[in-house]
Amino acid sequence: MLKKISFIVNGKQETLEVDVRESLLEVLRNRLGYTGVKKGCGVGECGACTVLVDGVPIDSCIYLAVWAEGKNIVTIEGIAKNGELSKVQKAFIEEGAIQCGFCTPGYVLTATAMLESGKKYTREEIKRELSGHLCRCTGYQNIIKAVEKALAD
Amino acid sequence: MYDIKAYFEAETIDEATRLLADNPNLTIIAGGTDVLIKIHHGKIQKAELLSIRKIKSLEGIRKLEDGTIVIGPLTTFTQIINDPVIKEDIPILTEAALSMGGPQIRNVATIGGNICNGATSADSAPSLFVLNAKLKLKSQQGERIVPIQEFYLGPGRVDLKPGEVLTEIIISAEDYTGYAGHYIKFSARKAMDIAILGVAVLCKIKEGTIFEDVRIGLGVAGPTPLRCLEAEEYAKGKSISGEVIAEIGKLAVRSTKARTSWRASKEYREHLVEELTQRALKAAVVKAGGEEIA
C-alpha cells in the first residue's frame, strides 16, 4: 500500500512513496536518514521521537507518515543554521543539560517551539511544556535551567 | 510498521458514512494516539482504518447565538485549552484538557477520540458529563442526538452504531450559565498518566448560601464515567456548610462501582471519591461566589 507524499523536511522539499503502515519516525530515520529522530518507547510516552510539524511538537512514532503530506517538518538536524547552533542548543551546552543525549533532540525541538511562540513561561509552565519528555539519566534540573536560559530576554 | 491492512481517507462526513456503510470492519482514526497504540500492542490486528482527519467540518469550536457551544470532534486538546469560548464559559473542560497526556499528545489527540474510545478514564468525560453534553451521531440512515451519559455502555464500549460517526459535541447554554465548576485529576504523576480518579463538579448557588444545583461527574469510579445522582439530589436546596458537603461526599460513593486495579484498590478509590468530591465542591463554591469552607 504505497502512497506518494510530498512534504518539507528541514527546508528541503521531499517527494517519496511511503507505505501507509509506516510511522513518520520510520520514514524520517530509515528513508531520509534523519537519525537525530530517536525511537524510544514507540507509544508516545517518552518524547524522544519528537519533531515539529508546522511548528508544533508531536510524537513521530504515533503519527502515520501519510499524514505528513503537505506539512513542514523540522527535526533536530534542521535547528542549527549555517553551521551555527541555535539559542536553545547553546543553552543546553552551557547548562550541561545533556548526559547520554538520547532525549536531547526531542527536548530541543519542544524548547524551540516554545521560543518561537514568543510567549513568556513561568518555571512551572516550562515544566508542564516539557512533561511529554523523559530523560532516563534524570538530568531534569539542568534541562529546565537550559530552557529557562534560552527563553530569557 | 503498523499492522494496517487497509487505509481509507474521507474528506466529507457523507463520504465517511458511505465508506462505513460499505465496510463494517473499519476502525475510525483521527489523532491516532489511541488507535495506533492499540495496533502497536496487538489489540487491533490487520487494522482497516478510516481516517476522518481531512473532514474540515468536524474541526473547531463554535458558539451559536443562543449560547449553545458546539465542539467539533476533531478539535485537539491543545485547541480546547487555547479556546477563549471554552475558557470563558466552560473552564471545567479547559482544566480537564490540560490534565490529559503531555503536550505532544494534546497537540494531536482529539476530543472525539477521547469520547469514542469509551474509556472510563477519559479525561474529558467527567467534565462533559456534568455539562450534560449531547453527542450528534450521523450515518447514512440519518442523525440522532444522544446524551453523553447514555453514550457510554461499558468498558471501551459506546453507543456508536455500525456506520455512525460522531459529528458534534453540543453543550447548551442552560447547562453552564450561572454555574461554576472545578476539576480534579488524581494520578500518580502530573503528566503522562492515567487518572486513578477524575472528579468534575459544577454548582449553582442562590442567595449566596444555598445550593441551587450541584452536579458531580466521576471517571474511573466504575466501568464507565458516571454521575452521582443521589448526592446531587440531596444537595439541591441545602444551605452550604461543611456538614452538607461531607454528606454529599459520602452519598457520592453510593453511585460508584469502583474496582481494584494495579493503580489503586476499590477501597482507596472510594475514599478518593468521598474526599475529592468534597474538595472539588468546596473549590467550586468559591468560584461560584460562595464563602470558603475549611
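## Helix H1 of chain B

Among the elements that cover the buried residues of H1(B) are S3, strand S6 (134-139) and strand S10 (165-171) of chain B. Helices (H or I, at least four residues) and strands (E, at least two) are DSSP runs, numbered from the N terminus. The helix itself spans residues 13-22 of chain B, and its buried residues are B:Ala16, B:Thr17 and B:Leu20. They lie on the same side of H1(B), because they cover an arc of only 95° around the axis. The arc is that of the directions from the helix axis to the C-beta atoms. A residue is buried if 20 or more other C-beta atoms lie within 10 Å of its own, exposed if 12 or fewer, and partly exposed in between, with C-beta atoms placed from the backbone.

This is a predicted model, in which local features need pLDDT of at least 70 and side-chain atom pairs count only at pLDDT 80 or more, while totals for chains, interfaces and linings use all residues. Residues are numbered from 1 along each chain as its sequence is written, and chains are lettered from A and ligands numbered from 1 in the order in which they are written.

## The parallel sheet of chain B

Strands S1, S3 and S2 of chain B form an open sheet of three strands in the order S1-S3-S2, with parallel pairing. S1 and strand S2 (27-29) of chain B are the edge strands, each pairing on one side only. From one strand to the next, the twist averages 30°; axes are lines fitted to C-alpha atoms, for helices over the stretch in contact, and angles run from 0 to 180 degrees between N-to-C directions.

S1(B) and strand S3 (residues 47-51) of chain B run parallel and are joined by five bridges. Two strands pair if DSSP finds at least two bridges between them. B:Phe8 has B:Leu50 in S3(B) as its bridge partner.

## Contact between the chains

The contact between the chains involves 19 residues of chain B and 24 residues of chain A, where two residues are in contact if their C-beta atoms, placed from the backbone, lie within 7 Å. On the chain B side, strand S1 (4-9), helix H2 (35-40) and helix H6 (103-106) each supply at least two residues. The residues of that side divide into eleven nonpolar, six polar and two charged. Ala, Val, Leu, Ile, Met, Phe, Trp, Tyr, Cys and Pro count as nonpolar, Asp, Glu, Lys and Arg as charged, and the others, Gly among them, as polar.

## Domains of chain B

Chain B is divided into domain 1 (4-50), domain 2 (58-174) and domain 3 (177-287); domain bounds come from an automatic or database domain assignment. The centres of domain 2 and domain 3 of chain B, taken over C-alpha atoms, are separated by 20 Å.

Between these two domains, 22 residues of domain 2 of chain B are in contact with 25 residues of domain 3 of chain B. On the domain 2 side, helix H5 (91-98), helix H8 (125-130) and strand S8 (152-154) of chain B give two or more residues. H8(B) gives the most, with five residues. By class, this side of domain 2 has ten nonpolar, nine polar and three charged residues.

S11(B) is largely enclosed by the rest of the structure, because seven of its seven residues are buried. Both faces are covered: B:Ala180, B:His182, B:Ile184 and B:Phe186 are buried on one side, and B:Gly181, B:Tyr183 and B:Lys185 on the other. The strand pairs with S12(B) in the antiparallel sense over seven bridges, and B:Ala180 stands opposite B:Cys203 in S12(B).

The loop between strand S11 (180-186) and strand S12 (197-206) of chain B holds B:Met192. Phi of B:Met192 is positive, near 55°, in a residue other than glycine. B:Met192 counts as buried because it has 20 C-beta neighbours inside 10 Å. B:Val220 is in the loop between strand S13 (210-219) and strand S14 (226-227) of chain B. B:Val220 is not a glycine either, yet has a positive phi of about 65°. With 32 C-beta neighbours inside 10 Å, B:Val220 counts as buried.

In helix H1 (residues 24-31) of chain A, the residues A:Leu24, A:Leu25, A:Glu26, A:Val27 and A:Leu28 are buried. Their cover includes strand S1 (2-9), strand S2 (12-19) and strand S3 (50-53) of chain A.

A:Val88 belongs to helix H2 (residues 87-94) of chain A and counts as buried, with 24 C-beta neighbours inside 10 Å. Not counting residues up to four places away in sequence, A:Val88 touches A:Val108, A:Ala111, A:Thr112, A:Leu115 and A:Ala150.
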